[in-house]
Amino acid sequence: MSTETLTLCIGEHPPARLDKALARDVPEQASLSRTRLSRLIAEGRVRCNGAVVTDAKARVAEGDEIEITLEQAAEVETVAQEIPLDVVYEDAQLIVINKPAGMVVHPAPGSPDGTLVNALLHHCGDSLSGIGGEKRPGIVHRIDKETSGLLVVAKSDKAHHALAAQFEKHTAERAYLAVCHGVPDGSDPRLRGVKGASFEPGGVLKLTTQLGRHRTDRQKQAVSFDGGRHAVTRARVLEPFGDAAALIECRLETGRTHQIRVHMAHAGHALVGDPVYGGRRKAGKALSEGAAAAVNGFARQALHAAVLGFAHPDDGRMLRFEAPLPEDMQELLAALRA
């Protein structure tokens, strides 16, 4: 693999640590995050005044000459495929996609191609500057295969690092629209008795639990109170349909696998169409024949990532995007309203 050498001098009043000094002084166009710089140091790819340095905490001084050996971004084995994408926003650092239901985000043993990553490799082409040394899109967060809606993907190491930090610190805005069985209502004594459930002003249902792997089905997640990862979901009813179903808005304080689906099922309000957490729940007699048929025949979990907001990794300006409900969920709501 071909390499290139990046040379720079440490500027005035540098931080004491080598990794912090490099994070400050490496040219922005190099798109090297502090995490990657630390890895390059550990791999012996950084020289200070001609000597290899492998300790990220090594002291540096103003005027020290630094050489960083970089491998050119390698072409990944994942094949680029010409798959139509609904691009909501794109610039040199990132791209925001409105993902359709049915599309897997990342290749996996059961889905080796036809994924969002395959499509992005073709769409972005040479605009990908490399994530972790590979020419690939940086997946910052994921949504389930059968969930539709907004995703932001990084094109550079710098953008990937900055966006991932926002998701890790829960400063990115994410709001989902969903259709659930029943109506989450603070006056429901059953719901008030659900462990981890509480209500906030405005009738917002707050679910606070831990989530982890299901004990017997490793493909599923499960609510726990003695292990797993902290998870908080807030759900607000936007439109009730009698007491049979409701359009709800869910906001994530944390981002765990299947979080909304698991939490709503735990509360007794599983999402319409959810084959994993909804069990065999069917629409009740309170709905008309047509509405019941629409609910019972809905082919996926009725969940859509409708709002996505974050600070741009380049200049910090706030970006916020909204994606309208896909056609299948619009038809479901039309049937419920009728």
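Predicted model: local features only at pLDDT ≥ 70, side-chain atom pairs only at ≥ 80, totals over all residues.
Reader: In what order do the strands of the open sheet of four strands lie?

Author: Terms come before the order. Helices (H or I, at least four residues) and strands (E, at least two) are DSSP runs, numbered from the N terminus. Two strands pair if DSSP finds at least two bridges between them. Here the order is 1-4-2-3, and the pairing is antiparallel. Strand 1 (3–9) and strand 3 (51–52) each have a single partner strand, so one side of each lacks a neighbour in the sheet.

Reader: Which helix packs on the sheet?

Author: Helix 2 (residues 34–42) does, touching strand 2 and strand 4 (65–71). Contact means heavy atoms within 4.5 Å. The direction of helix 2 makes about 95 degrees with that of strand 4. Axes are lines fitted to C-alpha atoms, for helices over the stretch in contact, and angles run from 0 to 180 degrees between N-to-C directions.

Reader: Where is N49?

Author: N49 sits in the loop between strand 2 and strand 3. Its phi is near 55 degrees, a positive value in a residue other than glycine.

Reader: Which residues of helix 8 are buried?

Author: Buried means under 20% relative accessible area, exposed over 50%, partly exposed in between (1.4 Å probe, protein chains only). In helix 8 (residues 327–337), the buried ones are M329, L332, L333, A335 and L336. They fall within an arc of 160 degrees seen down the axis, so they line one face of the helix. The arc is that of the directions from the helix axis to the C-beta atoms.

Reader: How does one find empty space?

Author: Rolling a probe the size of a water molecule over the atoms shows where empty space is left. On a 1 Å grid over the protein atoms alone, a pocket is an open set of points where a 1.4 Å probe fits, with protein on both sides within 12 Å along at least five of seven lines; lining residues have an atom within 4 Å of a point. The largest pocket holds about 1,500 Å³, the space filled by probe spheres set on the points, which are joined across faces, edges and corners. Among its 50 lining residues, R142, I143, D144, R256 and T257 are the closest to its centre. Helix 4 (157–168) gives the most to the lining, with seven residues.

Notes: Residues numbered from 1 in each chain as written. Heavy atoms only, no water.
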